[in-house]
Amino acid sequence: MEVYDDGFSDTSLIRRSDHFDKRLSKYSPMRLDFKNLEYVVNDFRSPTGKKEILKKINGSFRSKHLTAILGGSGSGKTTLLNILAGLL
């Protein structure tokens, strides 16, 4: 991993990868994959009595990788994270 300082001078590109690699090397690599994840709640206003919050969601989280979860308001981002964290 390489991280560079984003200053304004020509000498601002400073390699700091050794420091970060040492900190991250003590953790075991992990990978979290999920496929066809669904979450349904009771909804008495619906004719079926159920409401699908998440429908067939696929994804993967890997060690040392930045992952973004994007979506509009009410699209289920927090619900997804709560399910993956075991809170729901």
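**Helix α2 and its surroundings**

Modeller: The buried residues of α2 pack against β1 (31–42) and β2 (50–62). Helices (H or I, at least four residues) and strands (E, at least two) are DSSP runs, numbered from the N terminus. This is a predicted model, in which local features need pLDDT of at least 70, side-chain atom pairs count only at pLDDT 80 or more, and totals for chains, interfaces and linings use all residues. Residues are numbered from 1 along each chain as its sequence is written, and side-chain values use heavy atoms, with hydrogens and water left out.

Biologist: Why is Thr79 called buried?

Modeller: Buried means under 20% relative accessible area, exposed over 50%, partly exposed in between (1.4 Å probe, protein chains only). Thr79 has 19% relative accessibility, so Thr79 counts as buried.

Biologist: Which residues does Thr79 contact, leaving aside its neighbours within four places in sequence?

Modeller: Contact means heavy atoms within 4.5 Å. On that basis Thr79 is in contact with Tyr39, Ile53, Leu54 and Leu88.

Biologist: What makes the buried residues of α2 line one face of the helix?

Modeller: The buried residues of α2 are Thr79, Leu80 and Ile83. Seen down the axis of α2, they fall within an arc of 100°, so they line one face. The arc is that of the directions from the helix axis to the C-beta atoms.
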